[in-house]
Amino acid sequence: MAFLCAGGGLSHGGKVPGNRARYSVSRGCEETALGLLRVTKRRVALKHGLVLCGAERDGDKFGEEDEKLGEEVTVGDAVRQWMLANERAQSSEQVKEKQRSPKLSVLFVDVDNRSVSVVAEAVFADLVQRRGLEEKVSCYSAGVDVTVGAPADARFVEALMFRRKLDVSGHSAIEFEPQDVSSYDLIVCMDERTRSQVIYMTAAPDGKHDVQVEEKIRLLSSYCMDDRLRSMQFPTNSQYSREALKLVMSAVVDACGGLLRALIEDGSTSE
């Protein structure tokens, strides 16, 4: 089963925009998306020709059932449902990736996964690479209330490129899921509000919290090497001034350095 995109490319489950392995799409994910679009066993046709699945197309004519489907489902519906299916497939893909890899995994979390968490992911990944620890440590980022696929905030993209020569212009926002707590070794939140929300989302049905789970959900500022920054919060805030943004960038770099040092010192990156 395959998707025929408007641009003419044929995809059998590649990657959603973004370069993270946990965005891999399985065949089951494609089938889920198609099921949500009320796919018939023979084929699905969207009226704009965005998606066409099936073994044959009789010239340019479709059956009455297919035409009706094409009128009911818009291109936007198809894209949204496909992305939702991808999101649901992510948790299982993450668990499989974690089982295959001995890497210690870190997930940076804020609200929208468009600003501070993106910077933290990029800076930490760069520090890991500089220390030659790519085979031992991996990192990603996510948000608790995101517009899936949204790009990174332009101001943070520019600031990160200017200060660290790191390009995150291709970033696409990902939503945090409760299952992520079991998929990652460490969840690092940008502020106390986000941490509280993550803890709430991962509570048991009866409302009880697992102490061991809570211990792996940390604040980024707790890793700051500069004591003056230990109480700093990094909220998702579109009103950051130029000076505030400069301070945030410096503090994130400091905290990421402290985080990597802590992991090295406690033996998390050893063989």
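These legends go with a set of close-up views of one predicted protein model.

The model is predicted, with local features needing pLDDT of at least 70, side-chain atom pairs counting only at pLDDT 80 or more, and totals for chains, interfaces and linings using all residues. Residues are numbered from 1 along each chain as its sequence is written, and side-chain values use heavy atoms, with hydrogens and water left out.

**View 1. The whole chain, before zooming in.**
The protein chain has nine helices and eight strands; these are DSSP runs numbered from the N terminus, helices being H or I with at least four residues and strands E with at least two. Of its 271 residues, 44% are buried (buried is under 20% relative accessible area, exposed is over 50%, and partly exposed is in between, with a 1.4 Å probe and protein chains only). Take the contacts between residues at least 6 apart in sequence, and 74% of them join residues at least 24 apart; a contact here means heavy atoms within 4.5 Å.

**View 2. Helix α4 against helix α5.**
Two packed helices are described by the angle between their axes and the distance between the axes. For α4 (residues 116-130) and α5 (residues 154-164), the axes come within 10 Å and cross at roughly 25°. That puts α4 roughly parallel to α5. Axes are lines fitted to C-alpha atoms, for helices over the stretch in contact, and angles run from 0 to 180 degrees between N-to-C directions. The angle classes are roughly parallel under 35 degrees, roughly antiparallel over 145, roughly perpendicular from 65 to 115, and oblique for the rest. On the α4 side look for Val116, Val119, Ala122, Val123, Asp126 and Leu127, which meet Phe156, Leu160 and Arg164 in α5. The contact residues come out as seven nonpolar, no polar and two charged. Nonpolar covers Ala, Val, Leu, Ile, Met, Phe, Trp, Tyr, Cys and Pro, charged covers Asp, Glu, Lys and Arg, and the others, Gly among them, are polar.

**View 3. Helix α4 against helix α9.**
Here the axes of α4 and α9 come within 9 Å and cross at roughly 45°. That makes α4 oblique to α9, and the crossing is right-handed. From α4 the contact takes in Val116, Val119, Ala120, Val123, Phe124, Leu127 and Val128, while α9 brings Val248, Met249, Val252, Val253, Cys256, Gly257, Leu259, Leu260 and Leu263. Sorted by class, that is 15 nonpolar residues, one polar and no charged.

**View 4. Helix α5 against helix α9.**
The axes of α5 and α9 (residues 242-265) come within 11 Å and cross at roughly 60°, so the two helices are oblique to each other. α5 passes α9 in a right-handed crossing. Arg155, Phe156, Ala159, Leu160, Arg163 and Arg164 of α5 make the contact with Leu245, Lys246, Met249, Ser250 and Val253 of α9. Those residues split into six nonpolar, one polar and four charged.

**View 5. Cys189 in strand β7.**
Cys189 sits in β7 (residues 186-189) and is buried, at 0% relative accessible area. Leaving out neighbours within four places in sequence, Cys189 is in contact with Val109, Thr194, Arg195, Val198, Ile217, Arg218, Leu219 and Leu220. Its C-alpha atom is 9.5 Å from that of Gly143, 46 residues away along the chain.

Pro235 is in the loop between β8 (217-219) and α9, and it counts as partly exposed at 29% relative accessibility. Beyond neighbours within four places in sequence, Pro235 is in contact with Val116, Asp191 and Tyr240. The C-alpha atoms of Pro235 and Arg193 are separated by 8.1 Å, with the residues 42 apart along the chain.

**View 6. Positive phi at Asn113 and Lys165.**
Most residues other than glycine have a negative phi. Asn113 has a positive phi near 55°, and so does Lys165, also near 55°. Asn113 lies in the loop between β5 (104-110) and α4 and is buried, at 0% relative accessible area. Lys165 lies in the loop between α5 and α6 (180-183) and is exposed, at 62%.

Note on methods
Left-handed = near helix turned anticlockwise from the far one by under 90°.
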